Amino acid sequence: MTYDVIVVGIGGMGSAAAWRLARRGVRVLGLERYDIPHAMGSSHGVTRIIRLPYYEAPAYVPLLRRAYELWREIEAASGRALLVTTGSIDAGPEDGALFQGALASARVHDLPHEILTAAQTTDRFPAYRLAPEARAIYQPDGGFIVSERAIIAHVEAAQDAGAVIHAREPVLEWGVRPDGTVRVVTPARVYEAERLVLTAGAWIGDLVAPLAPLAIPERQVLAWLQPSEPALFRPNRFPVFNLEVEEGRYYGLPIYDVPGFKFGRFHHRGETGRPEMLRQEPDVEDERLLRQFAARYFPAGNGALMALRSCLFTNTPDEHFILDHHPLHPQVVIASPCSGHGYKFCSVIGEILADLATGDGTTRHDIGFLRLSRLGPPAGQV
Ligand SMILES: Cc1cc2nc3c(=O)[nH]c(=O)nc-3n(C[C@H](O)[C@H](O)[C@H](O)COP(=O)(O)OP(=O)(O)OC[C@H]3O[C@@H](n4cnc5c(N)ncnc54)[C@H](O)[C@@H]3O)c2cc1C
């Protein structure tokens, strides 16, 4: 079977890429090793934060603006509610990397924002109990994406535009033929295409071996706890947050679809390894570690356990994404290692992947800071 583009991995990024390609009239095949959607990778757990004053680097903000536009576009196309606005809080010590980074992004890009003390934050959003000396940036456009629903929306829209999508069909290997076409092997058959998009998330190192040391899967755990005052944790009263505190860096979201307030700790217990080696089932130590945080900073949210779920980050050495052509094969495009903060960008990364995998392979988006070459020459043959 011959296609214009094959997309490997129909998770957050791959589903968006399949839609953006199909709506341009490209003949697309999407191949996914598990179900669509599923809970083995990086995009499950109901919701993902989206926020504009990006403390990780101001260069992400133009991509975020486009991501918002494209989330609204797929919402309209699918008729599904995908983006819920709550406002965002980025808080920590005034001289800390998180607060200063968010402030820099807000100022460089002239984003509407307010700086709040800990007491002002509690006055506005009573569930919050920040350390007294903490400073918070409130930005009204923050919120969350309903992540598995968004995968479904992208897949259905891609199918409506003519894409062929197969679940439970893992890609075993791929190669480039002397004529430049791409060959993709699954247990079912061998496919051919002009171009290939690899959006395999935590498995990207299996498909591009020298990326394995640059894209490290890491186990994360999310907790949902029943609040004593649920009204304070609903989307209209509870902005999504990123907090830098003594215990580490944490993120959280309001009650939505699971009857509990949701949060997690970046680099939870530092457990890295191949996805198959990382424990899926959470344990009492996962809960203990997360509860300590809730008890101190969101005491009204530290009630009965409603859910604990594990999930995978794919970390690069500098925690920025890798979004590029394959260094040896320009007809192959690599995405996915998003270091635990990529979901909000899926809509715009889908557009960028479609740019890189069609025509002359250029994009109008400024992704220079996400190119693979910044991490040095890949070890060995790519
Ligand atoms: C606990 C947690 C919380 C997070 N919170 C946020 C947040 O609040 N905001 C935010 O923006 N980001 C967040 N992230 C990060 C974000 O979720 C990820 O960056 C994003 O989901 C990655 O999408 P992906 O498409 O790369 O991976 P996935 O959605 O996992 O997709 C990769 C797909 O490739 C498939 N695949 C792999 N190998 C093969 C193969 N050989 N053949 C066929 N298919 C294959 C996999 O089965 C999978 O479906 C969080 C991540 C975690 C784990």
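**Cysteines and overall build**

Across the whole structure, a search finds zero disulfides, a disulfide being a pair of cysteine sulfur atoms within 2.5 Å. This is a predicted model, in which local features need pLDDT of at least 70 and side-chain atom pairs count only at pLDDT 80 or more, while totals for chains, interfaces and linings use all residues. Residues are numbered from 1 along each chain as its sequence is written, and side-chain values use heavy atoms, with hydrogens and water left out.

- C338 is in no disulfide, and the nearest cysteine sulfur, that of C346, lies 7.2 Å away.
- C338 counts as buried at 8% relative accessibility, where buried means under 20% relative accessible area, exposed over 50%, and partly exposed in between (1.4 Å probe, protein chains only).
- C311 is also buried, with a relative accessible area of 10%.

Fold
- The protein chain has eight helices and 19 strands, taken as DSSP runs (helices H or I, at least four residues; strands E, at least two) and numbered from the N terminus.
- Along its principal axes, the C-alpha trace of the protein chain spans about 65 × 45 × 45 Å.
- Of contacts between residues at least 6 apart in sequence, 73% join residues at least 24 apart, a contact meaning heavy atoms within 4.5 Å.

Burial and surface
- Buried residues make up 58% of the 382 residues in the protein chain.
- The protein chain exposes about 14500 Å², of which carbon and sulfur atoms supply 52%, with areas computed by the Shrake-Rupley method with a 1.4 Å probe.
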